[in-house]
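Here are some notes to read with the model open beside you. Take the points one at a time, and find each residue on screen before moving on.

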Amino acid sequence: MDGQGIIDSNSAVEAAKAFAAEVIAPNATAWELNRALPREFFAQAGARGLCGLLVPTEKGGAGLGVLAIAHVMEALASADMAAAFALVVHNNLASNIAINGSAALQDANLPGMVDGSRIGAFLLTEPQSGSDAAGIKMAARQDGQDWVLNGEKAWVTNGVVADVLSVYAQTNPDAGARGIACFLVDRDTPGVEPGPAYQMLGGHAMGVNGITFADARLPAGAHFIPAGKGFRAALAGIDTARAVLAAMNCGMLRAGLEVAIEAAGGRHAFGKALTDFQGIQWTLAEVATELEAARQLAFNAARLLDGGEDGSLAAAHAKKFATRTAFARLSDCMQVMGAWGVTHDYPLARHLACAKLAQYMDGTSEIQNVVIARKLLG
Ligand SMILES: Cc1cc2nc3c(=O)[nH]c(=O)nc-3n(C[C@H](O)[C@H](O)[C@H](O)COP(=O)(O)OP(=O)(O)OC[C@H]3O[C@@H](n4cnc5c(N)ncnc54)[C@H](O)[C@@H]3O)c2cc1C
């Protein structure tokens, strides 16, 4: 399909379902066991219009809203959340460049990002600072027209394959968050040293690593978002990211429930199908109820954000509840399948690992509670 073919949310969701069935589902276990997502994945996604989902149509993208992208990512994550999240990060950066990038940065990056030949990554977190993101230490020093970066980034999704790195750095430690600027860095810049992929409990299609910057010299044009606006820009899409991640966890749980129903229905013990036992039926019913609640929270948050309302509280509830529910209830789905559920013959092990990872991504569950408590207590 031509990438320009996606012009409305229904066709985007259909494209995502087809991509999930034809490309992600058949390969996701191999990606996990090989611990890598091939670069071609992004070009394949780009060819289906899935790499510029939030980029305006006049700039070559699909121009989708939050609800639409939540449905798209729910469909993709039902096959593999790790691959879907790799695309989310890439799509978010493309959108950020379309909004905040100079004409030169847009020309240099957007066409390749939308067709999936140029892969993006978002570098905020550092080894010593995650939740307290304003505490980053990556130093940006101006030298004539150039900027020079020194420091270390951690937990970079797509870090092992990315071509363009959006690096948040401190230009003036005395200014705190107001000193943080953002730079668009070409991966081939001398002094940029990507580390090997982290070995995690799962989710290896996210290609997460650490990246060191040792006197990495950037031209003036790489100055993407200036100090004073950088930190706000880093957090600007966080509510959307949380709503979308909640939807992704719903996608995984729905897939896990379907697999469990089919597997338990085909397996017999004590003379009847496992699904004939009331205990198994009630476990599955509990999963279905909590999945329904998580979906309502996720899509409610997305609708509020699309309507321009303050969606922070709704997104925090949705993200915390959906990731917690997916982690607990995927485990229940695995349990009703017997020991076979833990093998890579089924997708549940991949999904369970990703549900755990999701409890840290885009703000931990505890940080969602910080947001919720702030609203409760004023
Ligand atoms: C798979 C994966 C992919 C990621 N991808 C990216 C990426 O692409 N780019 C990027 O920049 N980052 C990325 N991250 C990093 C992620 O944003 C951080 O892991 C997250 O912000 C938490 O930071 P931390 O891990 O350093 O934990 P810390 O901030 O050190 O927190 C440690 C513990 O303390 C708790 N805690 C912290 N503050 C409070 C508080 N105020 N009240 C109560 N409890 C608190 C936390 O909830 C947590 O349980 C990724 C993480 C994962 C797991």
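Predicted model: local features only at pLDDT ≥ 70, side-chain atom pairs only at ≥ 80, totals over all residues.

1. What does the side chain of Arg 242 have beside it, then? One of its polar atoms lies 2.8 Å from the backbone oxygen of Asp 362. Arg 242 itself sits in helix H7, which covers residues 238–265. Leaving aside residues up to four places away in sequence, Arg 242 touches Ala 315, Lys 319, Asp 362, Gly 363, Ile 367, Gln 368 and Val 371.

2. Is Thr 364 buried or exposed? Its relative accessibility is 15%, and the cut-off for buried is under 20%, so Thr 364 counts as buried. Again not counting residues up to four places away in sequence, Thr 364 touches Ser 131, Lys 319 and Gln 359.

3. Now zoom out to the whole chain. The chain is divided into domain 1 (3–118), domain 2 (122–233) and domain 3 (237–377).

4. How far apart are the C-alpha centres of domain 1 and domain 2? They lie 22 Å apart. Where the two domains meet, 25 residues of domain 1 are in contact with 20 residues of domain 2. About 1,900 Å² of area is buried between domain 1 and domain 2, and carbon and sulfur atoms give 61% of it.

5. There are charged and polar links between these two domains as well. Two salt bridges are counted between domain 1 and domain 2, along with eight residue pairs in polar contact. On the domain 1 side, the elements that give two or more residues are helix H1 (9–34), helix H4 (81–100) and helix H5 (103–115). Of these, H4 gives the most, with 11 residues.

6. The side chains of Arg 118 and Asp 186 meet at 3.4 Å, N to O. Arg 118 is in the loop between H5 and strand E1 (120–123), whereas Asp 186 is in strand E5 (residues 180–186), and the two are 68 residues apart. Asp 186 counts as partly exposed because its relative accessibility is 32%.

7. How many salt bridges does a search of the whole structure find? The answer is 12. One of them joins Arg 350 to Asp 80, with the closest N and O atoms 2.9 Å apart. Follow the chain and you will see that this pair links distant parts: Arg 350 is in helix H10 (residues 348–358), Asp 80 is in the loop between helix H3 (66–77) and H4, and 270 residues separate them. Both Arg 350 and Asp 80 are buried.

8. Glu 290 and Arg 329 make another salt bridge, at 2.7 Å, N to O. Glu 290 belongs to helix H8 (residues 278–306) and Arg 329 to helix H9 (residues 312–336), 39 residues apart. Glu 290 is partly exposed, with a relative accessible area of 22%, whereas Arg 329 counts as buried at 17% relative accessibility. Elsewhere, salt bridges that share partners join Asp 143, Asp 146 and Arg 217 into one network.

9. Finally, return to helix H7, where Val 259 is found. Val 259 is buried, with a relative accessible area of 19%. Which residues does Val 259 touch, not counting those up to four places away in sequence? They are Met 337, Tyr 346, Pro 347 and Leu 348. As a last exercise, find Asn 10: its C-alpha atom and that of Val 259 are separated by 25 Å, and the two residues are 249 residues apart along the chain.

Terms used. Residues numbered from 1 in each chain as written. Heavy atoms only, no water. Helix = DSSP H or I, 4+ residues; strand = E, 2+ residues; numbered from the N terminus. Polar contact = N/O pair within 3.5 Å; in protein donor to acceptor, adjacent residues only side chain to side chain. Contact = heavy atoms within 4.5 Å. Domains from an automatic or database assignment. Buried area = accessible area lost by both parts, 1.4 Å probe. Salt bridge = Lys/Arg side-chain N within 4 Å of Asp/Glu carboxyl O. Buried < 20%, exposed > 50% of the residue type's maximum accessible area, 1.4 Å probe, protein only.
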